[in-house]
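User: Can you walk me through this one? I'd like to start with the ligand.

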Amino acid sequence: MSTRPTLLLVVPVAWAPLWMPWFEGAPFDVLLHDLDAYDPKAIDYTLSFRPPFGLLKSLTNLKTIFSLGAGVDAFLADPEFPKSVPLVRFVDPQLSTEMAQYVVMHVLLQHRHQRDFDAAQAMAKWAQRMLPRKTADTRIGILGLGEIGTVAGERLSALGFPVHGWSRTRKTAPGIQSFAGESEFASFLGQSDFLICLLPLTKETRGILNAKTFAMLPEGAYVINVARGGHLVEPDLIAALDSGHLGGATLDVFQTEPLPGDNPLWRHPKIVATPHIAAISDPRVTANYIIDSIALVERGERHPNTVDMGKGY
Ligand code: NAP
């Protein structure tokens, strides 16, 4: 019998060719859920994104649960999630860079009115005009100044936008004004011409993008939700767009994914919708992260990206 640790990879079986090669030579065995037979007591580690409810509880000797995404809300939604086992999330500079690219791209598309020029080109119309609002007057508010929010904020600040962010605790990131806690939420919103959500989905942040929040934004503000669909109250967004209070929105994440074909968000003229592609964990990078992380846990060390169960992120 092998004395090597065993990692259970819980991804669709069709994804196996994308993942398995990167674990070749790893100092542990890798089994694929739904393909390989295994004894639940023999699994030391799991790597997954949205594991089926109850699965993790059935693996009674788990040393650590790894998330292959930055967010862990799908794990903590499992009523039987084994909270005594450390849950480690994926933190990766490449993922943060790609998320920041998505945010910068959608801020610039809106700020530079690129879609109007696309429409003008389709009619062979020379629609030359100055930009209605200067970059220095376009204030960006980032909800969540964590791994990704900080990188996105720094990139936008480097482009000349005034950037401020909101988090639970006070931050000192270069070029980003820090707002912290409930008491500073309203003043943070009041100066956000763009509102970008990069919060984790927790019981405190679920539904935070709602009618009350939108009402505190300046007239014509633009909302980008790139965090989780559960942050947004979708009918409240549509109402705020239709009333003219909000200028538009870019959404990468939705309450229901894939977004059903009859959902009005698909066809709203002021909404840009993308299919949860802002950044996707790269199997090679993730496998290397897991190999290093298992070595760290096997040495008896606490992983720096362990989720705080009290906070839920
Ligand atoms: P993170 O490092 O955990 O940062 C979270 C930030 O939110 C922290 O600054 C935290 O404040 C703040 N926060 C949490 N709860 C708060 C509350 N109740 N009030 C105020 N601030 C609060 O998260 P991350 O790695 O940057 O990920 C951000 C989001 O991106 C997650 O929702 C993740 O799921 C999502 N994501 C989406 C995609 C995609 O493709 N669309 C890809 C990757 C990640 P403190 O620092 O003070 O604790």
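This is a predicted model: local features need pLDDT of at least 70, side-chain atom pairs count only at pLDDT 80 or more; totals for chains, interfaces and linings use all residues.

User: How many residues surround the ligand, and which are the closest?

Analyst: There are 31 residues around the ligand, and the closest are Gly71, Gly144, Gly146, Ile148 and Arg168. The elements that give two or more residues to that shell are helix 4 (93–111), helix 6 (147–158) and strand 7 (163–167).

User: Which element gives the largest share of the shell?

Analyst: Helix 6 does, with three residues.

User: And how do the shell residues divide into nonpolar, polar and charged?

Analyst: You get 16 nonpolar, 10 polar and five charged residues around the ligand.

User: Back to helix 6. Is alanine 152 buried or exposed?

Analyst: Alanine 152, which is found in helix 6, counts as buried because it has 29 C-beta neighbours inside 10 Å, and 20 or more is the cut-off for that.

User: What does alanine 152 touch, leaving out residues up to four places away in sequence?

Analyst: Its contacts are Met99, Ala100, Val103, Ile142, Ile196 and Leu198.

User: OK, domains. How many residues of domain 1 and of domain 2 are in contact?

Analyst: Eight residues of domain 1 are in contact with 10 residues of domain 2. On the side of domain 1 that touches domain 2, three residues are nonpolar, two are polar and three are charged. The centres of the two domains, taken over C-alpha atoms, are separated by 32 Å.

User: Switching to the strands: do strand 10 and strand 11 run parallel or antiparallel?

Analyst: Parallel: five bridges join strand 10 (residues 221–225) to strand 11 (residues 246–251). To get from strand 10 to strand 11, the chain passes through helix 9 (residues 234–242), and this β-α-β crossover is right-handed.

User: Which residue in strand 11 is the bridge partner of tyrosine 222?

Analyst: That's glycine 248.

User: What about strand 11 and strand 12, how many bridges join them?

Analyst: Three bridges, and strand 11 runs parallel to strand 12 (residues 271–273). In that strand 12, alanine 273 stands opposite leucine 251.

Conventions
Residues are numbered from 1 along each chain as its sequence is written. A residue is near a molecule or strand if its C-beta atom, placed from the backbone, lies within 6 Å of it. Helices (H or I, at least four residues) and strands (E, at least two) are DSSP runs, numbered from the N terminus. Ala, Val, Leu, Ile, Met, Phe, Trp, Tyr, Cys and Pro count as nonpolar, Asp, Glu, Lys and Arg as charged, and the others, Gly among them, as polar. A residue is buried if 20 or more other C-beta atoms lie within 10 Å of its own, exposed if 12 or fewer, and partly exposed in between; C-beta atoms are placed from the backbone. Two residues are in contact if their C-beta atoms, placed from the backbone, lie within 7 Å. Domain bounds come from an automatic or database domain assignment. Two strands pair if DSSP finds at least two bridges between them. A crossover is right-handed if, with the strands pointing away from the viewer, the path from the first strand over the helix to the second runs clockwise.
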